[in-house]
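Look at the structure first, then read on.

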2 protein chains.
Amino acid sequence: MSSSSNQLHLNAFLMGVGHHEAAWRNPRTDAHRVLDIEHFQELARIAECGRLDSVFFADGLAVGPRVEHNPQAIFEPITLLSAMAVVTEYVGLIATASTGYNDPYNLARKFASLDHISKGRAGWNIVTSGGADEARNFGYDDTPDHAGRYERAAEFVDVAISLWDSWEDDAIEFDVESGRFADPAKVHTIDHVGERFRVRGPLDTPRPPQGRPVLVQAGSSESGKNFAAQYAEAVFTAQRTLEEGQAFYRDLKVRVIKAGRDPRSLKILPGIVPFIGDTEAEARSLEQEFTDLISPAYSLRQLSTVLGVDLTEHSLDAPLPPLPPIDRIQGNKSRYQLVKDLAEKENLTVRQLIGKLGGGRGHRTFAGTPEQIADEIQLWFENEAADGFNVMPPYLPGGLEDFTTRVVPILQERGLFRTEYTATTLRGHYGLDRPVGRFAAEAEPLVVTA
Amino acid sequence: MSSSSNQLHLNAFLMGVGHHEAAWRNPRTDAHRVLDIEHFQELARIAECGRLDSVFFADGLAVGPRVEHNPQAIFEPITLLSAMAVVTEYVGLIATASTGYNDPYNLARKFASLDHISKGRAGWNIVTSGGADEARNFGYDDTPDHAGRYERAAEFVDVAISLWDSWEDDAIEFDVESGRFADPAKVHTIDHVGERFRVRGPLDTPRPPQGRPVLVQAGSSESGKNFAAQYAEAVFTAQRTLEEGQAFYRDLKVRVIKAGRDPRSLKILPGIVPFIGDTEAEARSLEQEFTDLISPAYSLRQLSTVLGVDLTEHSLDAPLPPLPPIDRIQGNKSRYQLVKDLAEKENLTVRQLIGKLGGGRGHRTFAGTPEQIADEIQLWFENEAADGFNVMPPYLPGGLEDFTTRVVPILQERGLFRTEYTATTLRGHYGLDRPVGRFAAEAEPLVVTA
């Protein structure tokens, strides 16, 4: 078995009215709901009814080429999850945020605040922001190099951890009698002086309920995997076959062990885009219904961005042109490799490639009956390819409802997934210990400054 | 009459379990609720029941000397207000955020998100962050100089406005048939290149429901007042007498006119800390109940910070020692001047000064019956000293409940305050127009980049 508790972990990756790029054009969705906070609150409730570990939002810091053909992310993830936190009690809340274009103090504080608001359900998907269009919104002409971004990320996370730990767990006394709110000897400056950051601390908020939010990562480059091995407690990844999934799983768990950690302390969750039908034929027809709505012009632009080559004038019925080598890609290297492999291994035309990518941008799509989807999940889980799945409903809310009401009960019957929550924190759902704070043993007094 | 609509504007300035520094020690409050999001949601509902224009949170980016004796701000304001937005429908939501230690892109996006979440109720109290302890959490040894902070603030707000305006109001088409989500010709790069920021844009979110969140400001220095005259739509200020209030009101409205704006487009809201009793004696006794709980050690440290001189060893029963001149104060100049004036004009000992400051840190406290408080509000309102008030309940939720259920009905009976909301946005409550976007007339196509 691949999981300590012998239980799957399931995350709902939410995006507008669905992951399929044409979801908003399908009458199964109401595109206007991308602007409606109640839509997202409903999604959180559906995920919680399904006893899922968490919900999650991706994020980018630029509009990019998608504005014409795809509903934007209207809401910023941390504010959005704050509004979803207060209509739920159990489900974890994972926000993507960039180490490239934030300050550690501000971001650590926002995640601490989300963790306090949700009473211990915050998670942070750490991204380094590879897009040149993002760089240009923050005073840079181009993206910092790949290695430099991960060096910054490591220092950033280190500072954030110190800040979350800067208040010891028992720092607050609430001593009404003496008038002492907190013991200043248990509220520490962190005095970080590093390559990229100088941060004195302490953080302007007591230690979050989880000690630290759950740290999540999704890059699959060498730097990305090493970073995950050191810091991440969950990894979202795109793997298309059981064998690829197993290879990635083995590789990353070995890195975790080499980093001196228990391999069970990092959960590996491949993405899956489930098209669910009463029969396999019905599921395939559902998938086709979405494929037929894809706008080739939009897809070509997205593909051009991922592959670093202009395809907008390229024939749809020809194979891909020669691609630049991966070391020329400064953006998302794992996505580039995944798309390149897919096109080459299956010898696809651009049109076919676009169809395959439309559901989950390179994540695995799977059309089948609830039993077939449960079988596939179980197969990966029991064969060391996954500790669970990052579920990417092609349309919302319907696709999430179908998954939680039709697939989840089968996994529960098979004893693979919780039937009731046994914890109230995301850390608890993942079976992770609450980390001991960095200052827990010492007692350095807070130096008060004017 | 001092207001265009002949109606008062009332903001509830919220802080933990109350503005009085000893509020958390008084059995009228439950100090543990500073950690409880539901406490803050309840406060928002109380303000909305009272038909108040808005609720508001101050903010700082460092722990400072208050940690030992006063409950911290546990929650970060923008996440906190996101959670309060979804349990209310009308009340405005004003968050303090710093132009000194944020990026315009990130902050503009968070306020846009709060405005979308609340369907048009966000406000931004713009602060420049004067504390050296704040600077040290962001890589600086000391605070940038006062003038430089305001120059940065002006450029920051200018960029933020361009970003909010970067999507024209009708940019989103939702054209399911053609597959066009938005018209790229109506989503603009802003191409800002200034002294301190280079930001390409567009913002990663459509134009907020209010066009722009309501801009609020609270500094009363020369730079602060000039900044307010140019940008602010509401100003929070501390004025202790009607005459001082009138002088400030006149001065600021003249500056607004000189900046080429309608003076009614900026609302001036002095702070008031109301102690409410059935009789004046009962109200005074309520105030004394709080004064008796003040911790002198804590107050001396706070006062030392404000005045830039170490008072922690100073006798409580002597007057203040000589103070440094105001041009040596790099932090909050208006607070320094206010405290200095108060001590000198009333010839106070340090102990007396601490008692006076305990309620509202220099804001005006007023102990009286509901009628007396309503009279005072009306007096200021009708004599060009205020367009409304920034109500700072000494303890929460009780002090806010008393104000909304006992003082507000009197103001309503007198025709001075709305009995029902007539708008659903904060801009609407203030009678402000929704601003026309900077790109509304032109049509520059979005240049798509890889």
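## A salt bridge across the chains

In this predicted model, B:Asp59 and A:Arg109 join their side chains in a salt bridge, with 2.6 Å from N to O. The count of salt bridges between chain A and chain B is 10.

## The largest cavity

Rolling a probe the size of a water molecule over the atoms shows where empty space is left. Here the count is nine cavities of 30 Å³ or more. The largest has a volume of about 130 Å³.

Which residues lie nearest the centre of the largest cavity? They are A:Arg109, B:Asp59, B:Leu61, B:Ala97 and B:Asn102, out of 17 lining residues. By class, the lining has six nonpolar, six polar and five charged residues.

## The interface

The size of an interface is often given as the accessible area lost when the parts come together. Chain A and chain B bury about 7,000 Å² between them. Carbon and sulfur atoms account for 59% of that area. In terms of contacts, 80 residues of chain A touch 80 residues of chain B.

## How the copies are related

A rotation of 180° with 0.0 Å of shift along its axis places chain A on chain B, with an RMSD of 0.0 Å. The two copies are thus related as by a two-fold rotation axis. In chain A, the C-alpha nearest the axis belongs to A:Ala83, at 2.3 Å.

Of the interface residues of chain A, 100% are also interface residues in chain B, so the copies meet through the same surface.

Methods
Residues are numbered from 1 along each chain as its sequence is written. Chains are lettered from A and ligands numbered from 1 in the order in which they are written. This is a predicted model: local features need pLDDT of at least 70, side-chain atom pairs count only at pLDDT 80 or more; totals for chains, interfaces and linings use all residues. Side-chain values use heavy atoms; hydrogens and water are left out. On a 1 Å grid over the protein atoms alone, a cavity is a set of points where a 1.4 Å probe fits but cannot get out, and a pocket is an open set with protein on both sides within 12 Å along at least five of seven lines; lining residues have an atom within 4 Å of a point. Grid points are joined across faces, edges and corners, and a volume is the space filled by probe spheres set on the points. Ala, Val, Leu, Ile, Met, Phe, Trp, Tyr, Cys and Pro count as nonpolar, Asp, Glu, Lys and Arg as charged, and the others, Gly among them, as polar. Copies are superposed by least squares on the C-alpha atoms of residues with pLDDT of at least 70 in both. Contact means heavy atoms within 4.5 Å. Buried area is the accessible area (1.4 Å probe) that two parts lose on being put together, summed over both. A salt bridge is a side-chain nitrogen of Lys or Arg within 4 Å of a carboxyl oxygen of Asp or Glu.
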